[in-house]
Amino acid sequence: MAEQMEGDVIGGKKIQEKYLRDEMMPHIFCNGCGLGNVLDYVLWAVEKEGFDMDKTVFLSGIGCSSRIPGYIDADALHTTHGRALGFATGVKMANPELNVIVFTGDGDCIGIGGNHFIHAARRNLNITVIAVNNYIYGMTGGQVAPTTPEGHFGTTAPYGNIESPFDMSKMAIAAGATYVARWPVYRPNQPINSIREGLRNNGFSFIEMMSPCTTAYGRRNKFREIKDLWDFYIDNTILKEEYEMTMKFGSEEEKEAAKDKIIIGELHKISKKPLEDRYRDLVKELME
Amino acid sequence: MKPDTYFIDGNTACAEGAIAAGCTFFASYPITPATEILETMAKRFPEIHGSYLQMEDELASIAAVIGASWAGRKAMTATSGPGFSLMMENYGFALMTETPCVIVNVMRGGPSTGLPTMVAQGDVMQTRWGTHGDVGVVVYCPGSPQEMFDMTVEAFNTAERYRLPVVLLSDAVVAHMTEKVVIPPKEELDIVNRKKPKNSPEEYLPYCPDEDLVPPMACAGEGYGVHVTGLTHDERGYPSVDEKTQTFLVTRLINKIRKNSDDILKYEEYKVDDAEIIIVAYGSVSRSAREAVDMARAEGIKVGLLRPITLWPFPEDRIYELAAKGVKAFLVAEINFGQIVYEVQRCTDGHCPTYLAPRMGGSIHTPEELVERLYGINEGKEGSN
């Protein structure tokens, strides 16, 4: 099927025609939102990996990013706030043959769903989580999130956020995820490759997408235009390899400049048997 | 367990009932007094090629169960009050998305952490109205270990037939009581499986009901591309957040139970035919009530017992009928400060008084104390509830 897409481009029509529910359009996302990019990257990854859509289930919780599965022409569970990974655990353990992809946002994943997130990672279920981080509660109109940087503003942080933000990717690694990557949406190829890597990984894959929300986040934080937010990501991120080199060989100034940046790239990759395989082995062993 | 006669507790009987009903997915979080169900499932499930999961909390337990149901399994979770409170969110999701599954709540004393090891019946209204929004629900209330087995099977059948999460509302006494339980041979059990779509994926509308108001269910991986959402949705399953769709959907979800309540409703009567006073009791308390009926009758008071086995739907027509026919009074015995008593009072429609024999939890009513109340009512010494 991959040949059919030859000559198409990211954001192109063919991939949309193949994978999206026409009747669900127009979508609800604002101008400048990064969710369209994320959806496009996931569909490209799915296409390149040759996934059978009849055997692929998309799940999500609540929030802007969780509306994504509604647009994909496949089985989908748009569940309750923060609980998508609980549902996904049930789907995957009930039928390990299914490919399970979860869309979640920062509030959904590490806020209300934090406990489910760390436990799903700990169990190392063979599922892929696309966590779209826009650093704000977007759907409800811009309230401060557990990921909002210190000093940034939200409707519920009118004097600036005084709390320390969560680093979802670091949390995923600490909790036991076997593949973790983080990319801003302005780079198309690297995220697609990482999502593909995640889909191939036989275990819990976590891909954090830094995604702009000009409507609810940008306009309260001097990023009124989409370009302002993209520039912010460019200025405040550093590739993992570059970060490591700087910290090893860089000058004091270079180290100082790098130390507070958000590290992006392929952050973690190990091999470990996923839960459903362990359970299958256990049953087999007991039956012998 | 092989078909045979056993001497087991209610929780074990419940686990075996689930297995007999075809349950192959179980996800739960340990909690007294339901834990024996988890322990039995953990041991038994690998043997039956089922999937057993101990989740991080009850929010995730019911989430996993709903996910498994959409992946084609019969699925169950078990908990007690504190965990049941956490499940209210996804109980509503399962009702809204018409997901067949079974939730066991072994009631203990509340509110809050309350009496973890001791009996109560304080969650009956929570099963009816605990989740936000207007819903139609089915709740079974077993009165013995045998019924823990039988009603678990029945709960699965109803869940599958009408596509909803069904609650098995047990209590600490019934769950921990050890008694004779007959596990019948497979061929004697009536097992119901969910309706599957008969049309093609192109024609299939996931939320277009048949005449019984129940839509056939296509599961994940079957090629139907079903979109499931807790948002108000149209027959295609697509979010459609408007008054018309809401009215159409929620009306059907409630009518699905109301219009089929003759089929779902279950209650047991004991010496009701000539009774002048009727005790209404459910779960463990019904056992004391039955004894009280015999004791009172030995003293010449004509007493009967009406035991709702489904608390929801409630035997409202039957209570109205008995009240209208000239029953002198109803006495509702329950381990709470009055929940079902108001249902009974509503159903009598003013034809006769309804009295409450409350208890706050920790133990069940004794037959003697119920007989005392019956004397009082019989002699006209009690003010109405």
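## Reading the model

Residues are numbered from 1 along each chain as its sequence is written, while chains are lettered from A and ligands numbered from 1 in the order in which they are written. Because the model is predicted, local features need pLDDT of at least 70 and side-chain atom pairs count only at pLDDT 80 or more, though totals for chains, interfaces and linings use all residues; side-chain values use heavy atoms, with hydrogens and water left out.

## Where the chains meet

Let's start with the interface. The size of an interface is often given as the accessible area lost when the parts come together. Here, chain A and chain B bury about 3,100 Å² between them, 60% of it on carbon and sulfur atoms (buried area is the accessible area, for a 1.4 Å probe, that two parts lose on being put together, summed over both). On the chain A side, A:His78, A:Phe87 and A:Tyr279 lose the most area to chain B, together 18% of what that side buries.

Chain A brings 36 residues to the contact and chain B brings 42 residues, where contact means heavy atoms within 4.5 Å. Two salt bridges cross the interface (a side-chain nitrogen of Lys or Arg within 4 Å of a carboxyl oxygen of Asp or Glu). A:Arg83 and B:Glu89 form a salt bridge through their side chains, at 2.7 Å from N to O.

## Two helices in chain B

Next, look at helix H1 (residues 10-21) and helix H6 (residues 145-162) of chain B, whose axes come within 7 Å and cross at roughly 30 degrees. That angle makes H1(B) roughly parallel to H6(B), a label for angles under 35 degrees. Helices are DSSP runs of H or I with at least four residues, and strands are runs of E with at least two, numbered from the N terminus.

The residues in contact include B:Ala13 and B:Cys14 in H1(B), and B:Met148 and B:Phe149 in H6(B). By type, the residues of this contact divide into ten nonpolar, four polar and one charged.

## Backbone details

One joins A:Met25 and A:Pro26, with omega about 5 degrees, and A:Pro26 lies in the loop between helix H1 (13-19) and helix H2 (35-49) of chain A. Another runs from B:Gly110 to B:Pro111, with omega near 0 degrees; B:Pro111 sits in the loop between strand S5 (101-109) and strand S6 (115-119) of chain B.

Note on methods
Axes are lines fitted to C-alpha atoms, for helices over the stretch in contact, and angles run from 0 to 180 degrees between N-to-C directions. Angles under 35 degrees count as roughly parallel, over 145 as roughly antiparallel, 65 to 115 as roughly perpendicular and the rest as oblique. Ala, Val, Leu, Ile, Met, Phe, Trp, Tyr, Cys and Pro count as nonpolar, Asp, Glu, Lys and Arg as charged, and the others, Gly among them, as polar.
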